[in-house]
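This report looks at salt bridges in one model. Have the sequence and the structure open as you read.

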Amino acid sequence: MPKKFLVLMLGAVLLFTLCSCGLINPVPDGNSEETGNAHVSLMAEAESLAEAASKQYDAGLTFQSEYLYGLAQAEISSLRLCVDTVLWLKGEGANLAAVIGDAPYKNWDEIVGAGLGSNVPFYFEGLLYKFQGQSAKADECFDKAGYNPLSFDYDFYYLKKMSVDKLYSIRNDAAVLEAKICKLYTPRTYLLAERTGAEFSPAYHLAMAGESGRTPAEAAQCALNALLSSPLTPYLYGYAASFELNAGKAELASEILNEGLFLAPEDATVNYVSALFSHASGDDNAAKAFLDTAKAGAEGDLLAKINDLYGQIGG
């Protein structure tokens with residue numbers, strides 16, 4: 001099968017998977033009964049996301065795979081942490097840490113950092129504030145969940161009414177799936193600032209990368225976060241690779257560029273950064289080939305940079 005067709009097909013699978021996640025309606029109505037079963041649907045959704053991630057990984061699309069794994073991780077870890085907290089609110093454990101135990105993700109910062117594209121952690125955090133009568137904090141979290149265009153149409157208010165035994169049953173099932181995903185997924189993303197609800201946005205991360213005072217390593221992490229928050233956006237591969245090169249991480253930059261070229265072989269930014277990489281590696285013939293492709297789709301500042309590099313290598 002031609003590579004270009006394979007990428008388009010897998011991209012369609014990725015988009016279908018995301019669109020099937022339900023439309024956001026994060027504010028619980030409080031009318032759910034104790035017998036609610038949204039947790040069953042959410043766990044099934046997380047498992048489907050993980051399966052889709054595995055297929056992307058097998059196809060060599062590492063960054064698209066990581067994005068889907070991050071969504072799955074955020075869903076199942078958020079559910080588990082929410083149930084842990086409800087159990088604690090019902091009097092279980094000497095403290096919340098005792099209920100959480102050795103779970104891999106122990107707070108909302110860790111979960112958001114592992115699944116930047118997800119709005120689910122903000123929903124469950126808001127739900128817990130609502131359970132405790134802290135309406136202003138709950139609404140703030142629900143607003144943050146709503147910034148994200150990804151959908152979420154579950155109401156977990158019934159968890160407040162559930163018996164401890166039933167909650168432990170949900171918690172145990174969620175923990176099993178969480179551990180399964182953790183064996184497959186080690187996130188390369190993490191937070192460099194307080195959570196805002198904008199973590200799904202690559203523009204947010206790129207703005208952070210450009211902040212004054214950032215070390216090259218920090219800027220590169222911000223750019224990698226941008227890519228892993230939106231891996232179907234071709235130019236982000238070029239941006240992320242350029243920041244990794246600036247931070248001295250040539251191997252990771254090469255990995256990013258290879259997948260970017262596989263996803264979008266004509267993208268001007270990806271080809272320009274590939275030309276920079278080739279020139280720095282001493283292969284000016286490859287650099288010129290990349291520049292030729294880049295120039296066909298470039299304009300403005302990027303076109304000026306392309307022409308400047310042509311001049312440096314004698315093109």
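## E125 and R195

E125 and R195 form a salt bridge (a side-chain nitrogen of Lys or Arg within 4 Å of a carboxyl oxygen of Asp or Glu), with 2.8 Å between the closest N and O atoms. E125 sits in helix α6 (residues 120–131) and R195 in the loop between α8 and α9, so the bridge ties together parts 70 residues apart in sequence. Helices here are DSSP runs of H or I, at least four residues, numbered from the N terminus.

E125 is buried, at 10% relative accessibility. R195 is buried too, at 16%. Buried means under 20% relative accessible area, exposed over 50%, and partly exposed in between (1.4 Å probe, protein chains only).

## Basis of the model

The model is predicted: local features need pLDDT of at least 70, side-chain atom pairs count only at pLDDT 80 or more, and totals for chains, interfaces and linings use all residues. Residues are numbered from 1 along each chain as its sequence is written, and side-chain values use heavy atoms, leaving out hydrogens and water.

## R188 and E66

The structure holds ten salt bridges. One of them pairs R188 with E66, the closest N and O atoms being 2.5 Å apart. R188 lies in the loop between α8 (164–184) and α9 (202–209), and E66 in helix α3 (residues 62–89), so this pair joins parts 122 residues apart in sequence. R188 is partly exposed, at 24% relative accessible area. E66 is buried, at 11%.

R171 bridges to D84, with closest N and O atoms 2.6 Å apart. R171 is in helix α8 and D84 in helix α3, 87 residues apart. Both R171 and D84 are buried. A network of salt bridges links R80, D84, R171 and E178.

Key: Helices (H or I, at least four residues) and strands (E, at least two) are DSSP runs, numbered from the N terminus.
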